[in-house]
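User: I am new to this structure and would like to learn how to read its features. Could you walk me through them?
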Amino acid sequence: MAIRAQPVSGLRGAGIFACALVLCATLGPLVAVAVRAEAPGGLGPADWAAIRFTLIQAALSAVFATLLAVPVARALARRRFPGRGALITLLGAPFLLPVIVAVLGLLAVFGRNGWVNHGLIAVGLAPIDIYGLPGVVLAHVFLNLPLAVRLLLQAWLAVPSERIRLAASLGFRPADMRRHIETALLWETLPGLLLLIFLICTTSFAVALILGGGPRATTVELAIYQAFRFEFDLGRAALLGLVQVALCLGAGALAFRFVRLARFGGGLDRAPHPWPGDSAARRVADGVVLLLATVFLLLPLAAVAAKGVAPLPGLPPHVWEAAARSVAVALVSACLALALALPIAAFIARRTASGIVEAIGALGIAVSPLVIGTGAFILLFPLADPARLALPVTGAINALVALPFLLRALVPEMRSAMALYGPLAEALGMTAAQRLRHAILPRLKRPLGFGAGLAAAFSMGDLGVIALFSAPGQGTLPLEMYRLMGSYRTDDAQGAALLLMALTLAVFWLFDRSGRVHD
Amino acid sequence: MIDLRESRVTLGGFRLDVSAQVAKGTRVALLGASGSGKSTLLSLIAGFLTPDAGEVWLAGQDATAMPPARRPVSILFQDGNLFPHLTVSDNVALGLRPDLRLSEAQRQTVTDVLDDIGLGPMADRRPRDLSGGQQSRVAVARMLLRDRPIALLDEPFAALDPGLRAEVLGLVDAKARARGLTIIMASHDLRDAERLCDRLWLMEAGQIVLDVPMAGLRAAPPAALAAWL
């Protein structure tokens, strides 16, 4: 019998207030950017080159990350082996990793003096250069491959086990599995996945800042930063901001239409089943695919860990102070994200037609943090010294960025809790607070912990908003690390990278773990 | 036709432990509470699970290590389990050739089976364009086309309303009789069991605790069945 989700009326006002807050925090800065922007004719050749480069690198990154994810997800879906769960968790680490740490790890492996080039030179081959387009695409593939694998794996595991059993009983061979099951699955999943990664890559800033640059490898985000930071040309920064908004909204609208995300973490513990048409050759092929993916995704992390251990104890005091600031910002960001997500999720869950509210919640992923930062700067500049507001603004904007991920995790559980306990709560005459305490929050512990961890991790690694706002002595750990890299203090940068990686994974683990206590 | 020789399957904390025989043409209803082992037993016979110990003999051959597709078994799943992107005709044809490269004679066979169960005019429709009862009929057609002597029915009528349930049960009953199929049907419903089957197995905690003829059960149910009912 279908049960209609029951309203939690006390949360309604909070939901409307949270939606209004999100709208003001995203659209307010966008309006400021639009008002301040130069006329569209003001785009010069360098700006057009930046637009072109942004689109090309995002398209290439999306295609490579998605295509590489297909065999990895397939291998994970059809194999069961000891440590599989741990491997899936580990392969997800790059998604949480601060971008600047990931880039440093990639440089340690693929850079001019990296392990790969040492190997190539040793066997008499020419070294590779990853600066420019190849490096930007490589970094984006590294950062987004885990997301692509996780989403494809969810799609694979969403195939009912009865369907797999039917295929086994009908004697499906690998070609039949591809034709009747996998093609349909990929046809449903790939367009949305491509658009999602394309969208993420159009808003990528830190990768282009370190591996790109110059007239041939500048993204729109980087151009905004340069106009802002080096020329203090707010009009041009705002115009580029508008261009970025158009790019993001275009890709975002398409992604919103096509992306079919399953719940985070769902489907990973299904009962094992034999995969029809299996053979020794396929087992070996899957093993090789998983090994290559593991090496590609974990080697840069291992490099960061290996190179960062020695310099870590000797890091200068200002790096430790920056680390403390980063943790504080991450905690604030996580709390803020939760405070926004909970009422919005309730608002979405209690309505059947909740498209507009969902779109408001998803704004954070469709609007570039750097553009919101630019708008916030324009708004705050006449009122106060933006540098003094650098940390709160960083925390707030990162909470907005994490909001769509939190909602994805919270809404399904919220819906099911409301459907399950709504009529009972109604019959018992429970107040909104009692429903929240007894019926809803206990069911939301896991997604709340996971979502808060995600928000904290994103905030820990931010190197966009803080780069616009911060003054000396105000930086967070990623910014201090970038400054160390810029001043060629490589050892200290590597130590800071290890510290940042450890802190990011630790705050995520602590939040995520807190959601699993008493499970 | 089915001979389970001290077959044992362990899944986590659950253990299935069965020894049982089913004669050719017998139709067994497998009843029991959720978690009693009905689906595990069907999976063991279908080949989705390999026993930790013991043997599974089907139609006179040792099928213990035989892959599912080679077993003399066809299966009717709970929700029909149709492929949404294939037509009715192709869904049924999968029972003959998974690659759907059918000869003219095979195409004719598919058409005949569809006509036989009253779905001929719907051959080119997709499953989403069919009612629940029609979808069940397509699944029955696919099972019949497999032409295997043993049919495993995994609660295939659970999602159907009483009218459709009676209709599809009647169809399976008629076709099974005509072909002399040996049937094992997992069910929660004694009425379905009485309608289709001539023998009853009651399962508890991974074991068959009752193996009796269906006739006369209502009048004088054994204690174990009375307790379950």
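User: Let's begin with strand pairing. Which residue is the bridge partner of B:Val28 in strand 9 of chain B?

Analyst: This is a predicted model, and in it B:Val28 has B:Arg199 of strand 9 of chain B as its bridge partner. To read a pairing, look at how many bridges there are and which way the strands run. Here strand 3 (residues 27-32) and strand 9 (residues 199-204) of chain B run parallel and are joined by five bridges.

User: How many bridges join strand 9 to strand 10 of chain B, and do these run parallel or antiparallel?

Analyst: Six bridges link strand 9 of chain B with strand 10 (residues 207-213) of chain B, and the two run antiparallel. One pair to look for is B:Leu202, which stands opposite B:Leu210 of strand 10. The two strands form a hairpin with two residues between them. In its turn, B:Ala205 has a positive phi of about 45°.

User: Now the cores. Why look for nonpolar side chains together?

Analyst: In soluble globular proteins, such side chains tend to be buried together. Here, the largest nonpolar core has 176 residues. Those with the most contacts inside it are A:Val103, A:Ala337, A:Ala341, A:Ala345 and A:Leu406. Helix 18 of chain A gives the most to this core, 20 residues, and each of domain 1 (1-36 + 310-519) and domain 2 (50-308) of chain A supplies at least three. A second, separate core has 71 residues, including B:Ala63, B:Leu114, B:Leu200 and B:Met203.

User: Which residues does A:Ala337 touch, leaving out those up to four places away in sequence?

Analyst: With those left out, A:Ala337 touches A:Ala399, A:Ala402, A:Leu403, A:Leu406, A:Gly451, A:Ala452 and A:Ala455.

User: How far apart are the C-alpha centres of the two domains of chain A, and how many residues are in contact?

Analyst: The C-alpha centres of domain 1 and domain 2 of chain A lie 23 Å apart. To read a boundary like this, take each side in turn: 41 residues of domain 1 are in contact with 35 residues of domain 2. On the domain 1 side, helix 22 of chain A gives the largest share, ten residues. By class, that side has 31 nonpolar, eight polar and two charged residues.

User: And how many residues of chain B are in contact with chain A?

Analyst: There, 14 residues of chain B are in contact with 15 residues of chain A. The chain B side has nine nonpolar, four polar and one charged residues.

Technical notes
Residues numbered from 1 in each chain as written. Chains lettered and ligands numbered in written order. Predicted model: local features only at pLDDT ≥ 70, side-chain atom pairs only at ≥ 80, totals over all residues. Domains from an automatic or database assignment. Contact = placed C-beta atoms within 7 Å. Helix = DSSP H or I, 4+ residues; strand = E, 2+ residues; numbered from the N terminus. Nonpolar A, V, L, I, M, F, W, Y, C, P; charged D, E, K, R; others polar. Core = buried A, V, L, I, M, F, W, Y, C linked by C-beta atoms within 7 Å. Buried ≥ 20, exposed ≤ 12 C-beta atoms within 10 Å, placed from the backbone. Pairing = 2+ DSSP bridges.
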